[in-house]
Amino acid sequence: MFFIRLFICLILLSSAFTAQSAVILQYHHVSDKTPPSTSISPQLFDQHLEHIEQQGFSVWPLPKLVQHLQQGSTIPDKVVSITFDDAYESVYRSAFPALKKRNMPFTIFVATQAIKKNNQLFMTWDQLKEVTQFGATIANHTHTHLHLVRKQEGETNEDWRARLREDILRAEKIIDQNIPNTSKLLAYPYGEYTQEVQSLSQELGYVSFGQQSGAVGNAHDLTALPRFPMTNRFGAMKQFKLKLASLPLHASKVIPNQKIVRQPSISKGLRFEFDRKYAGISCFFEGDAVSIKQEENSIIVQQELTLPVGRSRINCTAPSSEKGRYYWYSHAWIRPKANGEWYKE
Ligand SMILES: [Zn+2]
């Protein structure tokens with residue numbers, strides 16, 4: 001009897017320490033000559049790979065990770081997936097050799113309209129086909145790289161949905177013509193989505209990704225999985241180490257739950273409801289600490305948040321029982337200009 005009890009205890013203990021989670025990294029350019037907001041230097045990128053290896057992380061192809069999340073299968077601790085948005089030429093020139101050398105699989109989300117012969121900034125279909133021979137997955141990033149959340153003037157809800165559907169399916173068709181049988185994975189351009197966009201992606205059979213930060217876990221909605229955007233700034237080694245080691249924190253409820261905010265601020269009282277109470281949780285908005293109150297499983301923001309025009313996000317982290325590992329949650333907002341028009345991007 002004692003041994004049975006001991007055995008049950010050990011199982012419970014081990015499941016408590018088995019993180020059912022993974023981290024997805026999102027890169028754009030791997031170059032010193034491209035815009036800083038979407039670029040990482042080849043040197044820093046290589047340091048990331050080195051650290052992933054040194055820390056004993058397994059690099060999984062994204063479809064494998066998605067399959068585990070869909071089936072609720074056990075994901076071992078320390079799993080990471082590497083993704084690139086837009087298929088920039090520097091991914092082929094700088095990132096691919098570094099990944100190939102280390103036998104690391106990766107995924108490229110392609111906005112298909114940009115992939116043409118003689119476009120110096122992007123990879124070609126020949127290059128995209130070549131990388132699939134070395135463990136890469138080519139996935140959907142829409143055809144025209146549109147802002148999915150933006151309705152055009154005078155457009156009905158139905159017309160808007162039809163336009164998005166057409167753009168996503170067009171990319172799907174072009175990818176399929178070049179690289180058949182790829183997984184149905186979609187990265188929302190600019191990481192922008194609303195509930196309506198999520199339901200459309202689900203209707204089309206996609207598992208989709210935003211660019212709100214955080215580790216992924218079983219509780220996450222497969223229509224908006226988080227990824228950590230990586231640039232020289234957000235991927236500096238100190239930050240990278242924390243992000244790679246992070247654990248999932250998922251809010252089952254956000255009140256008020258809005259993605260597009262037309263007023264200039266979010267009033268005091270914003271509430272995030274988690275699966276349990278997280279001791280020592282703290283939140284940051286635009287780089288500043290945010291005053292919060294904890295109430296059972298929820299945290300309530302005790303101040304007004306002034307939103308800039310564009311995208312902004314609140315990040316909350318809580319220490320885990322493992323040193324240096326934090327639960328990580330992020331919620332993003334998009335604000336159009338005061339006159340209701342969308343800013344240029
Ligand atoms: Zn993109």
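This is a predicted model: local features need pLDDT of at least 70, side-chain atom pairs count only at pLDDT 80 or more; totals for chains, interfaces and linings use all residues.
Helix α3 spans residues 62-71, and its buried residues are Leu62, Leu65, Val66, His68 and Leu69. These residues cover an arc of only 160 degrees around the axis, which puts them on the same side of α3. Just after the helix, Gly72 takes a positive phi of about 65 degrees.

Strand β10 contains Val216. This residue is buried, with a relative accessible area of 0%. Two buried residues of α3, Leu65 and Leu69, are among the contacts of Val216. Beyond its neighbours within four places in sequence, Val216 also touches Gln20, Ser21, Ala22, Ile24, Leu225, Pro226 and Pro248. Leu164 lies elsewhere: its C-alpha is 26 Å from that of Val216, and the two are 52 residues apart in sequence.

A zinc ion is coordinated by Asp86 (OD), His141 (NE2) and His145 (NE2), at 2.1 Å. The donor residues follow the spacing D-x54-H-x3-H in sequence. Asp86 sits in the loop between β5 (79-85) and α4 (89-101), while His145 sits in the loop between β7 (136-140) and α6 (157-178), so the pair ties together parts that are 59 residues apart in sequence. Asp86 counts as buried because its relative accessibility is 7%, and buried means under 20%.

Charged side chains were examined next. Side chains of opposite charge can pair when their charged atoms come close. The whole structure holds 16 salt bridges. One of them joins Arg102 to Asp46, with the closest N and O atoms 3.5 Å apart. This pair links distant parts of the chain: Arg102 is in the loop between α4 and β6, Asp46 is in helix α2 (residues 42-54), and 56 residues separate them. Arg102 is buried, at 14% relative accessible area. Asp46 is partly exposed, at 24%. Both belong to a network of salt bridges that also includes Glu50 and Glu53.

Another salt bridge connects Arg311 and Glu345, at 2.6 Å from N to O. Arg311 lies in strand β21 (residues 310-319) and Glu345 in the segment after β22 (326-335), so this pair ties together parts that are 34 residues apart in sequence. Arg311 is partly exposed, at 35% relative accessibility. Glu295 and Lys293 also form a salt bridge, at 3.7 Å from N to O. Glu295 is partly exposed at 35%, and Lys293 is partly exposed at 39%.

Key:
Residues are numbered from 1 along each chain as its sequence is written. Side-chain values use heavy atoms; hydrogens and water are left out. Donors are N, O and S atoms within 2.8 Å of the metal (3.2 Å for Na, K and Ca); water is not among the atoms, so sites may look incomplete. Helices (H or I, at least four residues) and strands (E, at least two) are DSSP runs, numbered from the N terminus. Buried means under 20% relative accessible area, exposed over 50%, partly exposed in between (1.4 Å probe, protein chains only). The arc is that of the directions from the helix axis to the C-beta atoms. Contact means heavy atoms within 4.5 Å. A salt bridge is a side-chain nitrogen of Lys or Arg within 4 Å of a carboxyl oxygen of Asp or Glu.
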